[in-house]
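Here is a short briefing on a structure. Please look it over before reading the notes below.

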Amino acid sequence: MSDTLTFFAQPYDISACGFYFASLDEYNSKYKSNVNSYGQPIEEYEIQYINGSKAETELFAITSLEQMHIPQYFKLADQITNDHDVIAFSIAVNDLHKKIDADTNLDDFNDEIIIHYADTYKDLAEQFIDDGLLGDIPQHLQNYIDADAYANDLKCDYFQADVMGETVFYMSC
């Protein structure tokens, strides 16, 4: 988790004040001690995202964080090791409509999704050609490869997604 991760718990009770928190322990502590102007405990809050890394922001959007999902959010946020994990998780949930529950881990879907980073299908095709995915192409034949046609063919197997400001292409296994 980043040092800047911050949430605000806005009570639905208009006679109460909300509070900022950055961890599950801090949330639980403040939740237990927060009361309204009549001294009654507050039970329901709207959770507002204030600040965090790009990955934490995306994770917040994926999980549609509500009060009952706070423990799950922090469990997942603790698992963030790189942006790739969150990108794969975002694609799995948002594009492939995978369900998440309390037992879901951030990398549960990494083996099911192949992700490539490129700006366009043509860039992806050129990347594949340069990496030798079409095999060893003799120098005298390289001018005859139509990257636009190959890019068009890739649209059958790869889908484009924009996640965390990155354009990625993915294939579901």
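**Sheet, helix and cysteines**

Strand 1 (residues 6–11) pairs with strand 2 in the antiparallel sense, over three bridges. Pairing requires that DSSP finds at least two bridges between two strands. This is a predicted model: local features need pLDDT of at least 70, side-chain atom pairs count only at pLDDT 80 or more, and totals for chains, interfaces and linings use all residues. Residues are numbered from 1 along each chain as its sequence is written, and side-chain values use heavy atoms, with hydrogens and water left out.

- The three strands form an open sheet in the order 2-1-3, with antiparallel pairing.
- Strand 2 (19–21) and strand 3 (45–51) are the edge strands, each pairing on one side only.
- Neighbouring strands of this sheet are turned by 30° against each other on average, direction ignored.
- F8 stands opposite Y20 in strand 2.
- Strands (E, at least two residues) and helices (H or I, at least four) are DSSP runs, numbered from the N terminus.

**Helix**
- Helix 1 (residues 24–33) lies across strand 2 and strand 3 and runs at about 160° to strand 2.
- Angles run from 0 to 180 degrees between N-to-C directions, with axes fitted to C-alpha atoms, for helices over the stretch in contact (heavy atoms within 4.5 Å).

**Cysteines**
- The structure holds zero disulfides (pairs of cysteine sulfur atoms within 2.5 Å).
- The sulfur of C156 is 17 Å from the closest cysteine sulfur, in C173, which is too far for a bond.
- C156 is exposed at 61% relative accessibility (buried is under 20% relative accessible area, exposed over 50%, partly exposed in between; 1.4 Å probe, protein chains only).
- C17 is exposed, with a relative accessible area of 60%.
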